[in-house]
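Me: I am new to this structure and would like to go through it in questions and answers. Please show it to begin with.

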Amino acid sequence: RVFRLSNGPVAVEVGQSDEWRRDELVETLAWLVALMLPVLLTALIAVRGTVATVLRPATGFAAALRGRDARDLSPVATDDLPDELAPIPQALNFYLASIRTHVGAERQFVTNAAHELRTPIAAASAQAQLMAAGLADPDAPARMAGALTRLSRLVERLLQMSRAEAGMIGTGPCDLVQIARMVIAENGSEAVFDDGELARLPVAVDPDALAMILRNACDHGTGDVRVTVAAGPVLRVSNAVGPEAVFRHAMFDKSASSQGAGLGLAIIAQLAAAQGITVNHAIAACRATVTLRF
């Protein structure tokens, strides 16, 4: 590399070899690294210590979560966390509260189901023991059959409720008129069906879910079931009821004279919500009406 400067008859030239320039560059970089390395190490140690100090509440929070018992659904403490991390335990506490609600509902459901199952099982067992001992009266087989029928219906309702809560239901479509005719035929043709002169009425609903809804709706009341289908689509199930009858929507909530399980309306509500069906209930002139709007 040559630098030339001339002024009249005078000229000056300065030359440097590439090798010398490379040596100077390497020496400069070496000194730069040697001088900056302690500064970089000091800064790294300082940043690491600062970050560890700032994140110590978060790491402690994570350790506390790892050490919690799986059955502990109590709210987590948020006092030691910085404001920037506060939304995390708040969201977690909201999630835990939702789990506590569901677990409590499941425990109550299991308790009520066990109570309801105990009665028909005990009745059938007592009749069987009397029959085995030769002490049963002539009506014992009928009472035993009634207890077993009640047990079968209760188990069927519990399975329906389990399927509804687990979301094990499809989305259809199906023919509303055809499903209604099928369910009414299962009832022994005692129900009156008005199809509104509609040959078919497709709805975006799972056929099994629709059949379960109709079966439970037809089982309410004291008989004289009337099923009506209309454009909309709308389906109404009307039953004759006593003068003091009311709709009982809570699980296992039923009147003293009821032979059902107290799950019908809960099953209808669960399945209808999953299928996007609007349900209305009304009682007038000693008739209870459940209206389904698709």
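**Contacts, surface and salt bridges**

Me: What share of the contacts with a separation of 6 or more comes from residues 24 or more positions apart?
Reply: A contact means heavy atoms within 4.5 Å. Among contacts in the chain with a separation of 6 or more, residues 24 or more positions apart account for 61%.

Me: What kind of model is this, and how are residues numbered?
Reply: This is a predicted model, where local features need pLDDT of at least 70 and side-chain atom pairs pLDDT 80 or more, while totals for chains, interfaces and linings use all residues. Side-chain values use heavy atoms, without hydrogens and water, and residues along each chain are numbered from 1.

Me: How many salt bridges does a search of the whole structure find?
Reply: A salt bridge is a side-chain nitrogen of Lys or Arg within 4 Å of a carboxyl oxygen of Asp or Glu. One of them joins Arg4 and Glu13, at 2.4 Å from N to O. Another joins Asp72 and Arg68, at 3.5 Å. The search finds 3.

Me: Which residue forms a salt bridge with Asp18?
Reply: The closest N and O atoms of the pair are 3.5 Å apart. Asp18 lies in helix α1 (residues 18–66, a DSSP run of H or I, at least four residues). The partner sits in the segment before β1 (2–7; a strand is a run of E, at least two), so the pair ties together parts 17 residues apart in sequence. The partner is Arg1.

Me: Is Arg1 buried or exposed?
Reply: Buried means under 20% relative accessible area, exposed over 50%, and partly exposed in between, with a 1.4 Å probe and protein chains only. Arg1 has 58%, so Arg1 is exposed.
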